[in-house]
Amino acid sequence: MIGRKEYLDKLLGHKDKRLIKVITGVRRCGKSTLLEMFQDRLRADDVGDDQIISINFEAYENEYLLNLDTLHAYVLENAAKNKKTYVFLDEIQKAVGFQKVVDSLYLRKNLDLYITGSNSDLLSGELASLLTGRYVEIEMLPLSFAEFISTKGGMADLQSKYRLYLENSAFPAALEFENNRKLILDYLDGLYNSIVTNDIVKRKKITDTMMLRSILCFVFDNVGSHLSTKSISDYMNSNGRKIDVKTVEKYVTALVESFLLYRTYRYNIKGKQHLKTLEKYYAVDIGIRYAILGNEGADVGHILENVVYLELIRRGYRVTVGKWNEFEVDFVAKSPSERMYIQVAASVRDPKTLERELRSLQKISDHYPKYIFTLDDDPDSDYDGIRRTNALRWLCEK
């Protein structure tokens, strides 16, 4: 079992705080396993089994608890008397209308609540309104590159391990197939179908799953490129697939809310404002992208850009695409305490490519850190304060 230390530390940091811990992320990224690890940690710290209530709503034996009155009564009846009780509600979105139950349970000071869900709209609408200021979201992703190589012998031969990471998928369960490509592809195909069936078709009432897949394929094929709902619609229509802009937006939003896609907007660095046109999209996992599209002809630079984007999100940054006049920077990464600008390229050994990647960063007049991440296995270099570094080594940094 992979430790998922960064997520476990976040849960431990919020333990016993008067906040509902909401863990979100794509199906099979490890949310249920994280809850199990946290429960094991509680037991190691002398929390008794009578103080732990754990309900997985995907388990058939818990189907009766989808009734809200039954669920509410079950938790209260099984809570430990005069002791803190830790309540875990896994894939809570299956219990329609769960928000009122969670809100009511929150009022009991002896309960410490942890819930998970596979849709980003878990925290939209009624739940957000009911629980404003009373929850913390922990957004979970599949394995990081550092977590992946920890299962493959560590830092030796990072380039070949990076290829395995991309091709075999970052989903934890894919590790069980020991590089068996057919089994991995079968698993990823089943995972995709599960996400479409459970998190898109049922929730969003989207019935044209072939069009949904076509849109996903187009976006997957253009990760890191500027897209708009109109450009997607135009492409589909030019290929004989009639669809309007409004429907494209509905489909893309459903893919984003199911965490198959991540959407990032442009940010005017000079004007300090967000621009809601020509956004970029990234895949939650390159392995599932390869499973759907194949990996022939994949743009190595954009694939690396995708991996870097997810790592920035994993490390807690808010990420936008930077614009400075006519120049663009791949990422503006912000946290409460810092900001940095990042260009990503497969290689900058060609002097013209290096000049192009440097140019956008050099145009930015502030003094925040600036980086170029590449796959070149070269020593780090500094160009008047702009640091060029190997992306794989950066991905392994703690």
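Student: How much space lies in the second largest pocket?

Tutor: Rolling a probe the size of a water molecule over the atoms shows where empty space is left. Here a pocket is an open set of points on a 1 Å grid over the protein atoms alone, where a 1.4 Å probe fits, with protein on both sides within 12 Å along at least five of seven lines. The second largest pocket holds about 390 Å³ of space, a volume being the space filled by probe spheres set on the points, which are joined across faces, edges and corners. This is a predicted model, in which local features need pLDDT of at least 70 and side-chain atom pairs count only at pLDDT 80 or more, while totals for chains, interfaces and linings use all residues. Residues are numbered from 1 along each chain as its sequence is written, and side-chain values use heavy atoms, with hydrogens and water left out.

Student: Which residues of its lining lie nearest the centre of the second largest pocket?

Tutor: Lining residues have an atom within 4 Å of a point. For the second largest pocket there are 16 of them, with Arg28, Gly30, Thr33, Pro172 and Ala173 nearest its centre. The largest share of this lining, 3 residues, comes from α2.

Student: Which residues of α2 are buried, and what covers them?

Tutor: Buried means under 20% relative accessible area, with a 1.4 Å probe and protein chains only. In α2 the buried residues are Lys31, Leu34, Leu35, Met37, Phe38, Gln39 and Leu42, and their cover includes α1 (5-14) and the strands β1 (20-24), β2 (52-56), β3 (85-90) and β4 (111-117).

Student: Is Asn168 buried or exposed?

Tutor: Asn168, in helix α7 (residues 158-168), counts as buried because its relative accessibility is 8%. Contact means heavy atoms within 4.5 Å; not counting residues up to four places away in sequence, Asn168 touches Ala174, Asn179, Arg181 and Ile184.

Student: How much space lies in the largest pocket?

Tutor: The largest pocket has about 1100 Å³ of space, and β7 gives the most to its lining, with 5 residues.

Terms used
Buried means under 20% relative accessible area, exposed over 50%, partly exposed in between (1.4 Å probe, protein chains only). Helices (H or I, at least four residues) and strands (E, at least two) are DSSP runs, numbered from the N terminus.
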